[in-house]
Amino acid sequence: MTNTASHAKIESTNPVLTVAPIKEETEMSGATNKITALYCRLSQEDERAGESLSIENQKAILLSYCKDHHFGNPKFFIDDGYSGVNYDRPGFQAMLAEIEAGHVAVCITKDLSRLGRNSALTGLYTNFTFPQNGVRFIAINDNFDTADQNSINNDFAGIKNWFNEFYCRDTSRKIRAIQKAKGERGVPLTVNVPYGYVKDPENPKHWLIDPEAAQVVRRIFQMCMEGRGPQQIANQLRADKVLTPTAYKKQQGRATPHPDPENPYGWCDSSVVNILERREYTGCTVNFKTYTNSIWDKKQRETPIEKQAVFPDTHERIIEDDVFEKVQVIRQQRHRMTRTGRSSIFSGLVYCADCGSKMQYGSSNNGDFTQDFFDCSLHKKHREKCGGHFIRVKVLEQLVLKHMQLVMGYILRHEDYFRTVMEQQMKLESAEKLQAIRKQLSRDEKRITELKRLFIKIYEDNASGRLSDERFDMLSQSYEAEQKQLEAEVITLRQDIEVQERQNENIEKFIQKAHKYVGIEALDPYALRELVQAIYVEAPDKSSGKRRQSIHIKYDGMGFIPLDELMKGETA
């Protein structure tokens with residue numbers, strides 16, 4: 001009897017369970033009007049896996065599961081074409097907003113990988129965000145259900161999330177390897193052909209010139225060579241109703257990643273800058289221009305130019321190399337405008353012959369453009385450090401035009417002698433520069449080797465306990481910073497050596513340019529920028545009672561041309 005009474009007493013008790021029991025589906029569906037969020041996701045990588053991961057397949061599975069388990073108010077949230085490595089997806093964010101607003105009772109996915117492939121964030125949502133908002137999460141194929149906390153499948157969820165993440169890492173690694181191999185072979189990695197080119201119908205990896213768009217590209221470079229800035233160029237293209245690159249491609253029926261522009265003629269300065277900085281217009285294929293830090297961080301960062309892969313002469317050029325390089329120099333120069341909004345074609349080219357400072361453009365208070373002038377910037381700030389090198393623009397224009405006329409005329413009459421003299425002069429200058437550059441290069445390379453040896457030594461000393469961690473960190477950071485600086489300097493020095501060794505090429509290029517401007521009667525911005533690298537203005541000489549002023553012109557790729565000596569040789 002005692003045993004029977006005791007047994008009956010135990011059966012009648014109602015102990016508090018440590019884990020809440022799973023609610024009956026009928027109770028869940030009937031007790032709330034909240035929605036059942038059905039989330040589907042498909043990325044490009046998943047799409048290759050076949051029909052089993054398609055959006056339609058996922059929707060069918062989720063609806064069937066809802067029906068079988070009596071989940072009411074189903075609502076789909078879909079991300080088609082989105083990677084699972086991050087959660088910045090429109091469908092997921094819309095569902096998350098509903099969850100945080102308290103409108104969702106249950107969230108269901110086909111499996112854990114559909115929710116995401118970032119193990120840390122996926123665990124954060126399933127273990128914290130969903131439970132905190134009273135949301136039950138179910139991954140059907142993985143038998144994962146947050147309501148069944150005693151399930152062993154829930155315990156293995158973290159491992160499954162890690163494998164889902166590993167799948168992304170492995171896929172990314174393979175794609176990067178393929179892209180790297182293609183890029184190193186010179187295959188263009190860009191999907192979207194630059195404005196001015198079209199894909200060759202017989203070979204999509206080869207580009208052909210689009211005559212209409214190429215003409216606009218040439219015009220943009222020409223306006224930049226004339227001294228116009230990106231905003232001024234954009235304003236001119238808008239005024240002339242030139243279609244933007246996106247609008248033009250849309251009109252031609254070509255694919256473009258950008259949406260239809262509100263204004264088909266709405267050029268902006270960033271579009272102009274993008275064209276001016278694209279080396280592909282010189283006939284090159286440029287790969288590895290940008291990079292991303294990881295599969296989680298998709299932000300595109302610019303690769304340093306020296307680490308980009310450049311393959312020359314892969315397609316027909318629209319812009320010549322020297323014009324492109326000149327434009328890059330012009331882009332770095334500041335074109336000062338007067339209060340009246342005027343600027344000078346000489347802006348960014350004029351320097352003080354004594355202190356080397358740039359000379360600033362200015363105008364008189366009465367607005368008379370004939371009184372516009374250049375003045376030494378250092379003299380304006382510290383008169384005691386540099387004397388006045390004031391020169392009027394109209395005088396400067398006369399002196400430069402006269403000098404250019406004499407040089408072009410001399411080349412026309414004595415081209416061979418000019419070539420011989422300039423080769424001798426540049427050979428002497430180049431020999432001195434090359435000797436100094438090579439000495440510096442040798443010192444830098446020797447120091448880099450020494451730094452590598454020192455780093456190995458302090459690492460061994462730190463590992464053996466002879467050097468503290470704090471001291472090791474300080475020394476290693478110092479050595480690393482010095483090594484990076486030296487490596488950058490080595491790249492620059494090697495480029496300088498290449499420039500010095502190509503002096504004869506520069507002479508031939510200059511002679512070809514000179515033939516274009518024989519008989520030049522007026523100075524135009526394009527000719528000035530194409531021929532002249534810098535103009536140095538001497539202080540005025542008033543010893544004779546009259547103001548006399550001299551200038552020295554440094555020609556692009558040639559340096560200073562000894563015109564007086566050449567003229568003496570002609571008359572001798």
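These legends walk through close-up views of one predicted protein model.

Residues are numbered from 1 along each chain as its sequence is written, and side-chain values use heavy atoms, with hydrogens and water left out. Because the model is predicted, local features need pLDDT of at least 70 and side-chain atom pairs count only at pLDDT 80 or more, while totals for chains, interfaces and linings use all residues.

**View 1. The whole chain.**
The protein chain holds 21 helices and 18 strands. Helices (H or I, at least four residues) and strands (E, at least two) are DSSP runs, numbered from the N terminus. Of its 572 residues, 40% count as buried. Buried means under 20% relative accessible area, exposed over 50%, and partly exposed in between (1.4 Å probe, protein chains only). Among contacts with a separation of 6 or more, 64% join residues 24 or more positions apart. A contact means heavy atoms within 4.5 Å. The chain exposes about 33,100 Å², and carbon and sulfur atoms supply 50% of that area. Accessible areas come from the Shrake-Rupley method with a 1.4 Å probe; for residues, only the protein chains shown count as cover.

Side chains of opposite charge can pair when their charged atoms come close. A salt bridge here is a side-chain nitrogen of Lys or Arg within 4 Å of a carboxyl oxygen of Asp or Glu. The whole structure has 31 salt bridges. In one of them, Arg-254 meets Asp-210 at 2.9 Å, N to O. Arg-254 lies in the loop between helix 12 (245-251) and helix 13 (269-276), and Asp-210 in the loop between strand 7 (203-209) and helix 10 (211-225), so the pair ties together parts that are 44 residues apart in sequence. Arg-254 is partly exposed, at 27% relative accessible area. Asp-210 is buried, at 7%.

**View 2. A salt bridge between Arg-279 and Glu-325.**
The closest N and O atoms of Arg-279 and Glu-325 are 3.0 Å apart. Arg-279 sits in the loop between helix 13 and strand 8 (285-287), while Glu-325 belongs to helix 14 (residues 321-332); the two are 46 residues apart and link distant parts of the chain. Arg-279 is partly exposed, with 27% relative accessibility. Glu-325 is also partly exposed, with 37%.

Lys-326 and Asp-556 form a salt bridge, 3.7 Å from N to O. Lys-326 lies in helix 14 and Asp-556 in the loop between strand 17 (551-555) and strand 18 (559-560), so this pair ties together parts that are 230 residues apart in sequence. Both Lys-326 and Asp-556 are buried. A network of salt bridges links Asp-322, Lys-326, Lys-513 and Asp-556.

**View 3. Helix 10 and its cover.**
The 15 residues of helix 10 should span 21 Å at 1.5 Å a residue, and the end C-alpha atoms are 21 Å apart, which agrees. The expected span is 1.5 Å times one less than the number of residues. Buried residues of helix 10 include Ala-213, Val-217, Ile-220 and Phe-221. Their cover includes strand 7, helix 11 (230-239), helix 12 and helix 20 (525-531). Just after helix 10, Gly-227 takes a positive phi of about 100°.

**View 4. Helix 9.**
Gly-186 follows helix 9, with a positive phi near 90°.

Two strands pair if DSSP finds at least two bridges between them. Strand 17 and strand 18 pair in the antiparallel sense over 2 bridges. Lys-554 stands opposite Phe-560 in strand 18.

Most residues other than glycine have a negative phi. Phe-288 has a positive phi, near 60°. Phe-288 lies in the loop between strand 8 and strand 9 (290-291). Asp-313 has a positive phi of about 55° and is exposed, at 61% relative accessible area.
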